[in-house]
Amino acid sequence: EGACAADVLLLAEPKINHQTLTLSDTVSLTLSQFVSTKVIDGAKVASNVICQNLQGASYSGSKEEWQNFIDSALKALVKKGYKDLQFTMVGEVERQYKGTLDSKEYVFLAGTPNGVQVIHNLAVLDKDRNTMYTVSVSGNEVVKQGVLDEFNRLVGSFKVRD
């Protein structure tokens, strides 16, 4: 639906948001976002799936492009008021995504007035469709195992349509 050519099994009915951003005279980005929340042991856990389809330019998958993608995610967290951000890239062995597309998995720890927020992320680049998919699950560190379990479940359900 929208910019999404992928499927992922969210547990609760998601809030859906579509928008198109004009990046230049010739380049635009169509975003589709699906946000679903559930409560685990009294803490809210949010699952967030974003599809970003680029028109008028192509994703390259270069090291610089990935760095910019992760940097912009960090900047967004800072803009939302998170403090003491920590970033960890997930190693090849521990990664949940077993697909063939170019991908990165990483974890943010971010300070909030209510404690530390744990955010597990998977970014998958589909060069054929010129789309970046992001699967993210976040929640308070008191339910970090629940956040990780939900992330693993979501990533396991993620597949790009043929």
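Colleague: Is His 120 buried or exposed?

Modeller: Keep in mind that this is a predicted model. His 120 is buried. Its relative accessible area is 12%, and the cut-off for buried is under 20%.

Colleague: Where is His 120 found?

Modeller: His 120 sits in strand 7.

Colleague: And what is His 120 in contact with, leaving aside its neighbours within four places in sequence?

Modeller: The list is Tyr 106, Val 107, Val 135, Ser 136, Val 137, Val 147, Leu 148 and Phe 151. Two of those, Val 147 and Phe 151, are also among the buried residues of helix 2.

Colleague: Stay with helix 2, then. What span should helix 2 have, and what are its end C-alpha atoms apart by?

Modeller: Helix 2 covers residues 144-157, 14 residues in total. At 1.5 Å a residue it should span 20 Å. The end C-alpha atoms are 20 Å apart, so the two agree.

Colleague: Which residues of helix 2 are buried?

Modeller: Gly 146, Val 147, Glu 150, Phe 151, Leu 154, Val 155 and Ser 157. They cover an arc of only 165° around the axis, so they fall on the same side of helix 2.

Colleague: Now helix 1. How many residues does helix 1 have, and how far does it reach?

Modeller: Helix 1 has 17 residues, 63-79. From first C-alpha to last it reaches 24 Å, close to the 24 Å expected at 1.5 Å a residue.

Colleague: Which residues of helix 1 are buried?

Modeller: Trp 66, Phe 69, Ile 70 and Leu 77. Their arc around the axis is only 90°, which puts them on the same side of helix 1.

Colleague: What's exposed on the other side of helix 1?

Modeller: Glu 64, Asn 68, Lys 75, Val 78 and Lys 79.

Colleague: And what do the buried residues of helix 1 pack against?

Modeller: Five strands: strand 4 (43-55), strand 5 (83-89), strand 6 (102-112), strand 7 (115-126) and strand 8 (131-140). Strand 7 is the one that holds His 120.

Colleague: Which residues other than glycine have a positive phi?

Modeller: Asp 41 has one, at about 50°. Asp 84 has one too, near 50°.

Colleague: Where do they lie, and are they buried or exposed?

Modeller: Asp 41 is in the loop between strand 3 and strand 4. It is exposed, with a relative accessible area of 75%. Asp 84 is in strand 5. That residue is exposed as well, at 68%.

Colleague: Switching to pockets. How much space lies in the largest pocket?

Modeller: About 630 Å³. Its lining has 21 residues. Asn 48, Ile 50, Ala 76, Leu 77 and Lys 80 lie nearest its centre. Leu 77 has come up already, as a buried residue of helix 1.

Colleague: Which element gives the most to that lining?

Modeller: Helix 1, with five residues. Strand 3 (28-40), strand 4, strand 6, strand 7 and strand 8 are also among the elements giving two or more.

Colleague: How does the pocket lining divide into nonpolar, polar and charged?

Modeller: There are 11 nonpolar residues, nine polar and one charged.

Colleague: How many cavities of 30 Å³ or more does the structure hold?

Modeller: One. The largest cavity has about 30 Å³ of space.

Colleague: What lines the largest cavity?

Modeller: Leu 11, Ser 36, Thr 37, Lys 38, Val 45, Ser 47 and Glu 150. Strand 3 gives the most, three residues. By class, the lining has two nonpolar, three polar and two charged residues. Glu 150 is also on the list of buried residues in helix 2.

Colleague: Last one. Where does Asn 17 lie, and what does it touch?

Modeller: Asn 17 lies in strand 2, residues 15-22. It touches Leu 31, Ser 32 and Gln 33, not counting residues up to four places away in sequence. At 40% relative accessibility, Asn 17 counts as partly exposed.

Colleague: And how far apart are Asn 17 and Leu 85?

Modeller: They are 68 residues apart in sequence. In space they are 27 Å apart, C-alpha to C-alpha.

How values were computed:
Residues numbered from 1 in each chain as written. Predicted model: local features only at pLDDT ≥ 70, side-chain atom pairs only at ≥ 80, totals over all residues. Heavy atoms only, no water. Helix = DSSP H or I, 4+ residues; strand = E, 2+ residues; numbered from the N terminus. Expected span 1.5 Å × (residues − 1). Buried < 20%, exposed > 50% of the residue type's maximum accessible area, 1.4 Å probe, protein only. Arc of directions from axis to C-beta. Contact = heavy atoms within 4.5 Å. 1 Å grid on protein atoms, 1.4 Å probe; cavity = no way out; pocket = protein on both sides within 12 Å on 5 of 7 lines; lining within 4 Å. Points joined across faces, edges and corners; volume = space filled by probe spheres on them. Nonpolar A, V, L, I, M, F, W, Y, C, P; charged D, E, K, R; others polar.
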